[in-house]
Structures are given as C-alpha cells and as structure tokens.
Amino acid sequence: MSCDTALPGAGGLWVLAEHDQGRILPVAFELLGRARQLADRMICPVAAILPGTVDQAGVSALIAAGADEVLTCADPALDNLPEDPCTDLLSHLVRQYEPAVFLIGATHWGRTVAPRVAARVHTGLTADCTMLDIDPKTGLLLQTRPAFGGNLLATIVTERHRPQMATVRPGVLPEPVRDTSRRGRLLPVEPPPLTNRLAELSRLVLPPEQGIAAARVIVSAGRGIMSQKNLALVRSLADLLGGQMGVSRPLVDMGWAPVGCQIGQTGQSVAPDLLIACGISGAIQHIAGLGQARMLVAINTDPEAPIFQFADVQVVADCVPLLRQLVRDLSARRKDGGLGSEAAAP
Amino acid sequence: MRIVVCVKQVPGTNQVYLDPETRSIVREARHAVLNPYDTFAVAWAARLGSQHGWETLALSMGIPAVEKLLRDSLCRGIDRAVLLTDRLFAGADTWATANTLAMAVRKLGGADLVLCGKMAIDGDTAQTGPELAECLGYAVVTDVTDIKEVSRSQVQVSRHTESGVQTLLVRLPAVLTVAKDSCPTRMPSIADLARGASRPLECWSAANLGADPDRIGQRGSPTRVVCTETPPMKKQSRRLEGTLEQQAASLECIIREIVS
C-alpha cells in the first residue's frame, strides 16, 4: 500500500470522530487506538475526521489517542451531524484525499452514514467488524466479522476499491491509553455544497436504558431459561450482585425482554468483570458481544454447547434450579451480614 | 405515485450451508422465510398504498423459489411483484445488491417511496437500504418506527436514534428502512388470497435490466470473503463438577472473589 503524504490523510487510515454536541464518543477513541497500531506497522498517517464544532480539548484528545492529523470542518450546519450534509462532506473528503482505510463507529448514525458514503464513492463496507488487521503480504485491511448465522468468523477484504471501509460496534475494541505528549496537526477543510432533504421536527431524548454496556456484573439468559417467568430468577441474581440482566436475541424476538437488554452483534457489546450466561448456547453473534468480559461463567445442560468454548468456568447443569439455589444461598447470606462482608465469608 | 417494497428471503433456521468455493450462503428453497423485518415494510406499503391510492410493487433479488414469498406479499395487499433472478446476480455483496435493486427501480420508472426492512437477519448489515438510496440518489431514513402525514412531496417519520426518538420531515423520493413492529400485520383472508393469486408477478434477468456483469453479483462486489474460521477458544477453562448444590456452592465462591 502506498503511503503518499503529499495530501493530508492521503493513503492513510481515517477514523470518523463522531460526537454528541461536541462530546466525542468513546467509539472514536477505540477506533483510533486500533488505527494507530495498524498505521505504525504500515508507516501511514492516522487522520481523525471531525465534522462540526468540537473544542480544543476534544481535538487534543483525538491526537492523544493516536491521530496525526485532525481534519475539521467547523461549519455550524454540521454541528448536530445531520446525515445528508455529513454524507456530502465525507464523500467529498474521501474523493479529494483518497484515504486507504476509513473506519466508522457502528452507532445508529454510523450505520446510516457509512453505507451512504460507501455507496456514493463506490467502495466496499463491512459492518460490525470484531477484528481489524493488515495482511502483511498484500497490505489489505482484513475485516473480520461473525457471519452466516452460524458459528463462523468471516474475514473480508476490499481488494480494488478505496477506501476500505468498515464499521465497529462501540465497546468491541479497547480504548487506547492516551499519550498527551503526542503531536498532531489540525487541518481545517472547506465543505463542498451541502444538501439536506431531512428537516428535524422534534427530538425526544429518552433516559438511557439501564446500561448493560457499562455494567460490572451481568447475568444473562437465553432460550434455556425455558419461560418468561424464570427471568425473575435472572433478575434476582443480577440484583443481588449489583448487576444488570442481559438476554440473547431469541428472548427479545419472543418479546420476553426489551431490545436494550440484548447482548450480541446486533445488540449491546458488554465488558463486565463477571458475566454469568444462563441457558445460552453461544451463537457466534451472541459471543461477538461479550468478547470483552473478564470472566465468563456459562451454565448449560448441553456439555457440547458452543458457549463452553469461550467460558472461563463451565457448569453443566439446568440453569433454572441452579439459579434458584444460588439466589437462595446469596439471599440467606445477605441477611446474615451482606455479600462480601468479612463476617459472611466461608 | 408509486411505492416499491424491497424484500429478501432468509434461511428460516440457524442451519446455514456455505459453498466451500465462494464461501457464500447456499440459498435453498427449503426452510426459507421472508426476512422478519421485511414483513413490516410490506405491511406499511400495503397500508399507505390503500390509504392514498398509490401503486405498490414488491421487489426481490433471489433464487426462483422466492416467487412464493412475493406471491405472499401480493396476498398481503401489494399490487404487483418483480423477482430479479439470474445466476449472474449470485454472490452479491451489499453494494452489488443495492446497485441491482436500483437498476430495477429505475426500469420501473422510479419510485416515490422505497420501503425496506431495517436489516436482514442473515447478514445483519443494515447496509442495503442506505446503499440503495445512494444508488438512486434518494433521501433515506433508517430504523423508522412510524410513518405519518404522507403527501406527494414529503413524508413525516419517526425513527430511533442513539439517545431517543426523532421526528423528521423527509423530501420524496425517499428510502425508509422500517423497524420491527412498526406496523400491524395480519394473516391474509380468503379474499386476500384470491386477489393475490391473480396479481401479476414477473421475473427479470440481468439481460432484462441491461446490467453490466462487472457491476452485479460476485464479480461486481467490492468486498470478498477471503477466509472463514471457527472462533478461537479460551485456553484455560474449568468445569464445576458435583451435585447441583455443590455446583452452586463453587459458583458462589467464584462470584464472591469478583463481587466484593
């Protein structure tokens, strides 16, 4: 891959710095961290692309997280990241500066704007990657994602079209350690003519769903929980541990739990210290969402369940009576003096 | 005024077979169902079509057996259906799919409103709708939860955002990708079935579309699957043995080490 630095960001790795009213989203830093690692191997620049107005602290944070260049277009019309004008701007910048790679967070916004930019500049896009690497032989971006509704990871390349575009869900990649001694350039760019066919009439901000994305402890349930009423056991254990309840997709599809509780590729990515998976077989899309869990305990009746391959602790058991027993034991101990207190330790 | 609703056949089970050569999904007629999100797009199209007297048309790209799913859409209030079927379409990624669908929409004389499901449950990319909009040069709103106030030039929609719900006025022509449960669906009546059976259903090939073979199917796809593998396993894993009570006790110890 050629690394022509004549133009800002040319031939380099681009990361879209999505922000919410000027507050840069964590996924932008997560992507910058990975882009930095890849760029160091390719000897290419990393550029953060920043539509709208963000203060100096935000720009400095992008540089500290790995950006060599920050391309800003501080047009007030872009401050709320309207999709139509942002698609115009990003497509224009891609055509003008020809980056090799363009990474975008798979937020609601990113999942709409990334395919629009990809289609407008006629290139490939891989959704919801869980791993990004560079092929040492070809220099191509290896974009790995769970695929085919089964237990497979597919690695995808964009051979002839540029840039090689990919989205990654928030929370899938670790946030990099920031290096405030890093130096970078701020490059203001002129917007192309902007269009907007969408007019916002109103915006309703809902309280954030009880965030399983940020939970330290999660007790999650799959089809093996057998009935909706057994979810009360899952919730009880989560409550006893000061954690949150999660579910796999079939339970959301059956209407047993809200979509905000769903862990997996099309739900939330989670990174708890402890995840107890009850009656979850472990479809790869589900596993994709829990890769960052520090300890995974899996409870399943089937000793061959795929989830056991990823678990730190395997319990071959029916999760319903086991949960009942655990809730009983832990509640009793809480009455004795509280979970974790020295007096109650065995 | 015309509404085009794009639908996709997906495997009805998790049992998916891969072609070892192309590493793409082997599409079979058996166990195939309409992508669940698309059922809501069909319901919206039928509802808006009957409310405003607009022509409705269902469009799909797939194997010949997809005719059955399109016939079902005709039984659910859609006026006309077109199936894009040709070996040359096979192995298309989202861009090649969007490009093919866009050619068909243009051959139909364009559309005022294009409706798609928010995503398909086999690929899970949610890319084809927005890419189709770009190929057509139409506006697009994704993850739409409600469609109201439809006029000849614009439509008012609500959609999910990262932080809540947004209501927008969208200029037509536009592509809307719709969320699950955004529109009520119902089983067709006997009269609906009879109506659907008499509705026109056409099949178009790549030649019918005048498609360039380098811009459709696997050949026209910017992305390529280079390898598939089973995910890596955890190296150190221990299994808790014993009776249920013993397992619960061991588990409690592990929990207490982490949660204090």
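Trainee: In which sense do strand 18 of chain A and strand 13 of chain B pair?
Mentor: This is a predicted model. Strands are DSSP runs of E, at least two residues long, numbered from the N terminus. Two of them pair if DSSP finds at least two bridges between them. Strand 18 of chain A and strand 13 (residues 238-239) of chain B have 2 bridges, and the sense is parallel.

Trainee: Which residue stands opposite Val313(A)?
Mentor: Numbering starts from 1 along each chain as its sequence is written, while chains are lettered from A and ligands numbered from 1 in the order written. Local features need pLDDT of at least 70, side-chain atom pairs count only at pLDDT 80 or more, and totals for chains, interfaces and linings use all residues. Look in strand 13 of chain B: the residue opposite Val313(A) is Arg238(B).

Trainee: What is the strand order in the open sheet?
Mentor: The sheet has 4 strands, paired antiparallel. Its edges, each pairing on one side only, are strand 8 (131-134) of chain A and strand 12 (223-229) of chain B. The order is 8(A)-9(A)-10(A)-12(B).

Trainee: How many bridges join strand 9 to strand 10 of chain A?
Mentor: Strand 9 covers residues 141-147 and strand 10 covers residues 152-158, running antiparallel. Gln143(A) faces Ile156(A) of strand 10. The bridge count is 5.

Trainee: Which element gives the largest share of the side of chain A that touches chain B?
Mentor: Contact means C-beta atoms, placed from the backbone, within 7 Å. By that test, 69 residues of chain A meet 65 residues of chain B. The largest share, 9 residues, comes from helix 4 of chain A.

Trainee: How many nonpolar residues does that side of chain A have?
Mentor: Nonpolar means Ala, Val, Leu, Ile, Met, Phe, Trp, Tyr, Cys and Pro; charged means Asp, Glu, Lys and Arg; the others, Gly among them, are polar. The side of chain A that touches chain B has 21 polar and 11 charged residues. Its nonpolar count is 37.

Trainee: How far apart are the C-alpha centres of the two domains of chain A?
Mentor: An automatic or database assignment sets domain bounds. Chain A splits into domain 1 (13-188) and domain 2 (217-344). Their contact takes 11 residues from domain 1 and 10 residues from domain 2. The C-alpha centres lie apart by 33 Å.

Trainee: What is the mean pLDDT of chain A?
Mentor: pLDDT is the predictor's confidence in each residue, from 0 to 100. It stays under 50 over residues 1-6 of chain A. Still, 92% of the residues of chain A reach 70 or more, and the mean is 89.

Notes: Contact = placed C-beta atoms within 7 Å.
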